[in-house]
Amino acid sequence: MKRVITLLAVAITLPLAAQQKPVYLDESRPIEERVEDALSRMTLEEKIGVIHAQSKFSSAGVPRLGIPELWTDDGPHGVRPEVYWDQWRQAGWTNDSCVAFPALTCLAATWNPDIALLYGQCLGEEARFRGKDVILGPGVNICRTPLCGRNFEYLGEDPYLASRMVVPYIQGVQQNGVAACVKHFALNNTEINRHTGNAVVDDRTLYEIYLPAFKAAVTEAHVWSLMGSYNLYKGQHCSHNARLLNDILKGEWGFDGVVVSDWGATHNTDEAITNGLDIEFDSWVGKPKGAPGKTYDYYYMAAPYLQRIKSGKVGTKELDDKVRRVLRLMFRTCMNTKAGFGSMCSEAHYAASRRIGEEGIVLLKNDDGLLPIDPAKTKRVLVVGENAIKMMTVGGGSSSLKVQREVLPLDGIRNRLAGLAEVTFVRGYVGDPSGEADGVTTGQNLKDDRSAAELRAEAVEAARQADCVIFVGGLNKSRGQDCEDADRIRLGLSYGQDSLIVALAEANPKLVVVNVSGSPVAMPWVDRVPAIVQTWYNGSEAGNSLAAVLMGDVNPSGKLPFTFPARIEDVGAHALGDYHAKGSRDTIDIRYNEGIFVGYRWADRQKKTKPLFPFGYGLSYTTFEYGRPTIDRKTLTADGQVTVSVSVKNTGEREGQEIVQLYVSDKKASVERPVKELKGFKKVALAPGEEKTITFTIGRDALCFFDATKHEWVAEPGRFEALIAASAADIKGKVAFDLE
Ligand code: BGC
């Protein structure tokens with residue numbers, strides 16, 4: 001006994017370098033052993049110290065034990081600039097400008113998991129180089145309404161598509177010893193009332209629509225951290241929600257990572273202790289007047305927790321569980337010396353950013369082959385619209401970035417056509433000329449004091465003189481557009497763009513409308529315009545990616561990750577009337593009355609209305625012909641699978657990529673099921689004349705619905721159809737089979 005005490009005393013008094021390497025610092029030992037070792041050496045105060053923030057974006061380590069601080073940062077499109085210790089404002093560092101990658105809607109529109117991996121790898125490298133241990137993203141909240149201000153940060157409306165895209169993104173980030181932090185768990189599907197909205201949703205809808213992408217992140221990508229959302233569910237805030245965090249995330253899915261609160265999403269110490277929160281960030285608690293220490297010491301999981309333990313009111317079981325998780329995260333990230341040092345602003349990252357943008361741009365309409373623009377025949381190109389000249393990497397809320405460079409659409413077009421055609425620009429309209437977020441300014445002066453009529457007259461006159469007009473408009477990242485903490489107020493475009501587009505179309509029939517947005521928008525002029533391109537907030541290389549598609553250097557191959565409804569009433573959440581457009585200071589129920597009928601599931605059900613553009617839709621400069629799908633057997637046994645094959649041929653003259661989609665339809669069930677659900681997709685590259693056979697395997701999983709009474713996934717025997725499609729509204733062929 002005496003010997004043990006002496007040894008312990010030596011270990012405590014000797015500096016770390018002079019001690020025999022403790023187990024927790026020995027990377028050759030299993031992580032769980034290291035966790036237990038570190039935990040056993042920590043004092044109560046040190047344990048409390050690692051479960052809440054010590055600054056805006058970091059939590060403390062254990063200085064005495066050489067356990068470093070844990071640094072987080074947004075997320076999800078690039079690494080956010082450094083901010084002051086206690087403020088949102090950028091700190092003015094000169095070495096924190098990043099490469100901005102396209103917004104996650106663009107990534108979803110690529111329908112290419114390899115591209116998602118590339119995205120994650122590059123972002124992870126940037127984060128690692130910048131010393132970030134946790135990158136606050138990706139976001140996988142389902143696009144329930146086109147009006148949600150944060151749709152642009154998410155992966156679309158379909159749980160299967162979002163799941164397939166989120167897994168490689170997370171794997172790519174984490175390869176760098178940087179944790180992804182999948183957010184916002186869960187049911188944060190509107191920005192209005194994001195702090196007061198209490199989602200009222202049935203279990204079937206929760207499990208079928210709103211949880212699958214999170215589940216894939218946890219069970220397939222093994223994400224190391226997750227962010228609890230601001231809103232409530234079952235009357236309890238989601239960052240300390242017993243059902244979501246204890247029962248589902250940590251119970252059913254076996255999550256071994258860290259739950260971080262959204263910034264300011266913690267409200268209650270007792271719930272935070274028992275309901276699964278592991279690290280508390282940015283609580284808006286004041287420090288008692290004259291009290292010692294810092295505000296952070298008074299967070300819900302700081303002094304109040306310590307007091308409860310010291311007074312015997314609560315034990316340390318929950319605390320130890322939280323600390324174990326934090327230590328595990330640290331060993332995976334900031335204490336992982338094997339993951340390299342990352343890299344930043346490399347040409348490889350710019351090239352990746354450009355490639356992601358090029359693959360995600362969606363060609364929506366192209367009458368008479370107006371696109372691609374042929375510089376040999378188009379000598380005078382007119383570009384109109386504020387979004388051609390507005391930097392879009394600044395703004396939108398927490399995902400706002402400070403970029404090393406950003407190629408604007410006008411510059412991309414100009415660069416590409418230099419020496420080939422004359423490119424002129426007129427403004428056409430003024431949207432929001434401001435460009436500042438948390439002290440990062442674009443440096444652009446976009447002010448124009450002319451009246452709307454003057455601007456329009458100038459644009460129309462210029463359009464008459466041009467061989468081709470490219471209008472670049474859409475939404476922007478200002479409040480009330482695609483921006484955090486507020487929703488849009490309408491589906492349509494602002495700033496008089498709709499009537500300007502009509503006037504331009506009348507002045508010049510060769511009009512290409514480029515819509516920049518992160519959400520579906522209304523297009524009342526759709527029939528009056530020959531060519532429409534959907535692009536996204538495409539980051540540092542936005543202009544180059546766009547120009548490459550417009551001029552045909554790249555054949556567009558993106559498809560829509562969400563339905564573009566013709567009218568807002570055609571969206572389930574709005575048709576059934578429980579979308580609150582007004583802010584409420586008190587808790588307010590948000591009833592998900594439309595249930596599982598979100599996006600195309602709703603559009604399919606409303607046979608009478610047709611969307612403006614369906615989910616999964618996108619054109620190419622070439623054409624594809626689908627063969628008749630075949631199936632290898634007519635019956636699926638409970639643990640077996642069927643294989644569906646279809647040939648796809650490039651029947652045009654250019655090489656291109658087609659996204660072949662597989663939907664499954666349950667012909668008869670004891671519950672109402674969607675007409676069809678996406679259960680597979682493949683992006684296939686084809687040279688002119690080339691034909692390939694695509695195969696999909698369908699197992700029982702693809703046939704299930706969630707039976708809330710039994711609390712399990714159920715596949716009912718009977719007839720199913722496998723639909724091969726080019727979009728949710730373009731079924732190329734189907735084959736039937738029976739589940740035994
Ligand atoms: C957002 C999160 C973000 C956090 C930190 C919150 O307002 O909802 O998505 O990661 O701020 O910036």
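## Aromatic contacts and a mixed sheet

Trp111, Tyr160, Tyr600, Phe615, Tyr663 and Phe681 come together as one aromatic cluster. Keep in mind that this is a predicted model.

Across the structure, the count of aromatic pairs comes to 25. Take tryptophan 111 and phenylalanine 681: their planes sit at 80 degrees, with ring centres 5.2 Å apart, so this pair is edge-to-face. Tryptophan 111 belongs to the loop between α4 (104-110) and α5 (113-129), while phenylalanine 681 is in strand β24, so the contact ties together parts 570 residues apart in sequence. Tryptophan 111 is buried at a relative accessible area of 0%, and phenylalanine 681 counts as buried too, at 10%.

Phenylalanine 152 and tyrosine 537 make another edge-to-face pair, at 5.8 Å centre to centre and 80 degrees between the planes. Phenylalanine 152 is buried, with 0% relative accessible area, and tyrosine 537 is buried at 3%.

| Lysine | Ring | Distance to ring centre |
|---|---|---|
| Lysine 477 | Tyrosine 537 | 4.9 Å |
| Lysine 682 | Phenylalanine 696 | 5.2 Å |

Now for the sheet. Five strands make up an open sheet with mixed pairing, ordered β21-β29-β28-β23-β24. At its edges are β21 (635-636) and β24 (677-686), each pairing on one side only. Further in, β23 (residues 656-666) and β28 (residues 718-727) run antiparallel over six bridges. Leucine 662 stands opposite isoleucine 724 in β28.

Technical notes:
Residues numbered from 1 in each chain as written. Predicted model: local features only at pLDDT ≥ 70, side-chain atom pairs only at ≥ 80, totals over all residues. Heavy atoms only, no water. Pairing = 2+ DSSP bridges. Helix = DSSP H or I, 4+ residues; strand = E, 2+ residues; numbered from the N terminus. Phe/Tyr/Trp six-rings, centres within 6.5 Å; stacked < 30°, edge-to-face > 60°. Buried < 20%, exposed > 50% of the residue type's maximum accessible area, 1.4 Å probe, protein only. Lys NZ or Arg CZ within 6 Å of the ring centre and 35° of its normal.
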